[in-house]
Structures are given as C-alpha cells and as structure tokens.
Amino acid sequence: MSPSAIRLTAGDWVCDLRPELGGAITSLSLAGRPVLRPTPEAATILETACFPLVPYANRIADARFAFQGRAASLPVLDQFAPHALHGDGWLNSWGVTAEGEDHVTMRLDWAGDVEGWPWSWSAQQAVRLSEAGLHIELTVTNTDRTAQPMGLGLHPYFMRADNARLRLAATGVWLTDEREIPHRLAMPEDLIDWSEGVALAEAPFVDHAYAGWTGPARLEGGGRTVLIDASSNAGWAQIYAPRGESFVCIEPVTHRPDAIHAPFDEATGLVVLEPGQSLTMSMTVAVEG
C-alpha cells in the first residue's frame with residue numbers, strides 16, 4: 001500500500017483508502033474477495049475503486065454556465081473535452097479529521113477559483129465499515145457569501161463476474177446526444193431495462209443516468225449478490241457498463257448530468273444552497289451469499 005494509505009477492518013471486510021488521491025477508496029473486499037476493483041499501486045484517480053463527486057456529478061456541457069448573474073468557466077480534462085466532469089473533489093487531496101479501526105472521516109475545503117468553481121465550499125466524507133458492509137456519507141456545505149448550485153455523487157467500480165447480472169428499477173433513462181449530453185428522458189426499455197435483471201455480457205455499452213431509481217441495485221454473479229443502496233435524495237443512478245471490462249459502475253447521484261443547463265421547471269435534483277446550508281447523501285454496499 002501507499003505510505004499514506006488507511007486500512008479499515010470490520011469482521012471479514014477490509015477497505016483501503018488514500019485521502020491524498022482524491023479522497024478515494026482503493027479497495028473493498030469481503031473474506032479476501034474483491035467487491036470493488038483493486039487499485040494499482042501507482043494509480044491515477046480514474047483507476048481507483050470509488051471516489052467522491054462534489055460539488056456536482058457527471059458532465060457540465062462545454063464547462064460553462066451562469067447562475068444568478070455569476071459566470072463560471074470550469075477546467076476541462078483532455079479526455080473529457082469539451083465538458084467539465086465530476087467536480088473538484090476527486091482532483092484534490094483530502095485531509096483526515098477522524099480515524100479508527102473501522103472508520104475514517106476526510107475533509108476538503110474549496111476556496112473558490114476564478115479559473116474553476118467560483119464559490120467556496122467545504123466537503124466531508126465519512127467512511128465506515130461494519131460486519132454488514134460499507135457505508136459512505138458525503139456532505140457539502142456552502143461556505144460562500146452567496147447562494148450556489150450544488151449536487152453530490154459517488155463513483156464506485158464494482159467487480160463483475162463472467163456471469164454477472166444487474167438488477168435496477170428506474171422510471172426513466174436520459175438518452176444522450178453525440179456529445180454525451182442528455183437530451184431526452186425516455187423509458188428504460190428505450191435503451192435497456194435492468195428491472196428484471198440483465199446479463200452484463202449481453203448488454204450494449206451503457207453510460208447513462210437512470211431517473212427514478214426506486215430501490216437497491218443488485219449485482220449478481222460468481223455465487224454472490226452485491227447490494228447497492230443510497231439515500232432517498234440520490235434518485236438517479238449513473239450506469240457505466242463498458243463491454244469487455246471486469247467492472248461496472250453503479251453511481252448514486254443527487255441530480256442528472258448537465259442539470260445546470262436544464263429548463264427552469266425541470267426537477268433535475270440539483271439544489272441551491274444558501275450560505276451555511278448543507279447537502280448530504282449516502283451509499284451502502286452489502287453482500288449476500
């Protein structure tokens with residue numbers, strides 16, 4: 001492990017984290033068997049097992065928007081150009097504010113940046129293991145003097161067996177245009193409906209937000225079932241299921257992608273926090289079998 005890594009244990013569960021690497025979890029296993037994909041030693045953030053999305057999740061089209069008369073121009077990573085992706089939390093080092101055998105709390109303070117997210121905020125990520133599994137609580141607080149739009153998410157990479165099947169109930173799915181920006185809310189079956197279980201080996205490439213997520217997701221295969229659930233305000237699940245990979249991402253998020261550019265009357269999940277107000281979401285991971 002990295003010298004800065006933290007290891008949590010509870011029963012047969014083991015979770016490794018690297019706060020300096022975007023506040024990321026680098027492994028999660030049960031009885032020696034990976035639940036989240038293991039991270040290589042000299043890894044980048046996109047090779048980790050799970051990382052926080054704050055102060056927004058997924059894409060913001062063209063990395064620009066305006067809010068209450070204030071313009072924002074966000075940094076763009078080359079591989080995701082021309083859009084901004086996943087906020088700032090995953091790209092910065094987090095500090096540790098509390099630590100024990102089965103828990104750790106990390107904090108990141110963002111001062112606002114004229115070349116990035118222009119408002120200041122503070123985020124806290126509390127990770128806890130128990131014999132029941134993993135629990136992550138992510139909170140962001142507006143520390144600015146004015147209101148700002150905010151959202152949260154978590155980006156876990158789950159190991160998938162050769163016979164893996166995903167079950168997830170939702171009321172809709174956001175179809176994307178050629179620029180990977182949502183343009184139409186459709187019925188799940190217009191892309192792929194996971195509600196009765198679909199073999200990932202038979203599924204097409206998916207990188208879409210499912211709206212109206214109505215309960216835990218179930219990732220079955222390899223003689224066990226991984227259960228993923230989230231707080232009620234994480235009503236969207238971003239599914240990233242590339243073909244031929246050993247993982248699938250089931251990302252609980254509090255808003256749909258590019259919510260900042262949505263029509264004013266759409267219930268996107270993005271919230272406006274006044275100074276001092278906070279937004280919290282959580283995710284649990286358990287295993288049956």
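How many nonpolar, polar and charged residues does the lining of the second largest pocket have, by class? There are 11 nonpolar, one polar and one charged; here Ala, Val, Leu, Ile, Met, Phe, Trp, Tyr, Cys and Pro count as nonpolar, Asp, Glu, Lys and Arg as charged, and the others, Gly among them, as polar.

The model is predicted, so local features need pLDDT of at least 70 and side-chain atom pairs count only at pLDDT 80 or more, while totals for chains, interfaces and linings use all residues. Residues are numbered from 1 along each chain as its sequence is written, and side-chain values use heavy atoms, with hydrogens and water left out.

**Pockets and cavities**

Both kinds of space are found on a 1 Å grid over the protein atoms alone: a cavity is a set of points where a 1.4 Å probe fits but cannot get out, a pocket is an open set with protein on both sides within 12 Å along at least five of seven lines, and lining residues have an atom within 4 Å of a point. Grid points are joined across faces, edges and corners, and a volume is the space filled by probe spheres set on the points.

| Space | Volume | Lining by class |
|---|---|---|
| Largest pocket | about 240 Å³ | seven nonpolar, four polar, three charged |
| Second largest pocket | about 170 Å³ | 11 nonpolar, one polar, one charged |
| Largest cavity | about 60 Å³ | 10 nonpolar, one polar, two charged |
| Second largest cavity | about 50 Å³ | four nonpolar, four polar, three charged |

The largest pocket has a volume of about 240 Å³. Its lining comprises 14 residues, with Phe80, His86, His155, Asp207 and Tyr240 closest to the centre. In the second largest pocket, 13 residues form the lining, and Ala259, Ile260, Thr268, Leu270 and Val272 lie nearest the centre. Strands β7 (64–67) and β25 (271–273) each give two or more residues to that lining; strands are DSSP runs (E, at least two residues), numbered from the N terminus.

Cavities of 30 Å³ or more number two. Tyr56, Ile60, His255, Ile260 and Leu270 lie nearest the centre of the largest cavity, among 13 lining residues. The lining of the second largest cavity includes Trp174, Asp207 and His208; β20 gives the most to it, with three residues.

**The open sheet**

Nine strands, in the order β10-β11-β12-β13-β26-β22-β21-β16-β19, form an open sheet with antiparallel pairing. Two strands pair if DSSP finds at least two bridges between them. Because β10 (95–100) and β19 (198–199) stand at the edges with a single partner strand each, one side of each is left without a neighbour in the sheet. Antiparallel strands β21 (residues 217–221) and β22 (residues 224–230) are joined by five bridges. Glutamate 220 stands opposite threonine 225 in β22.

Key
Helix = DSSP H or I, 4+ residues; strand = E, 2+ residues; numbered from the N terminus.
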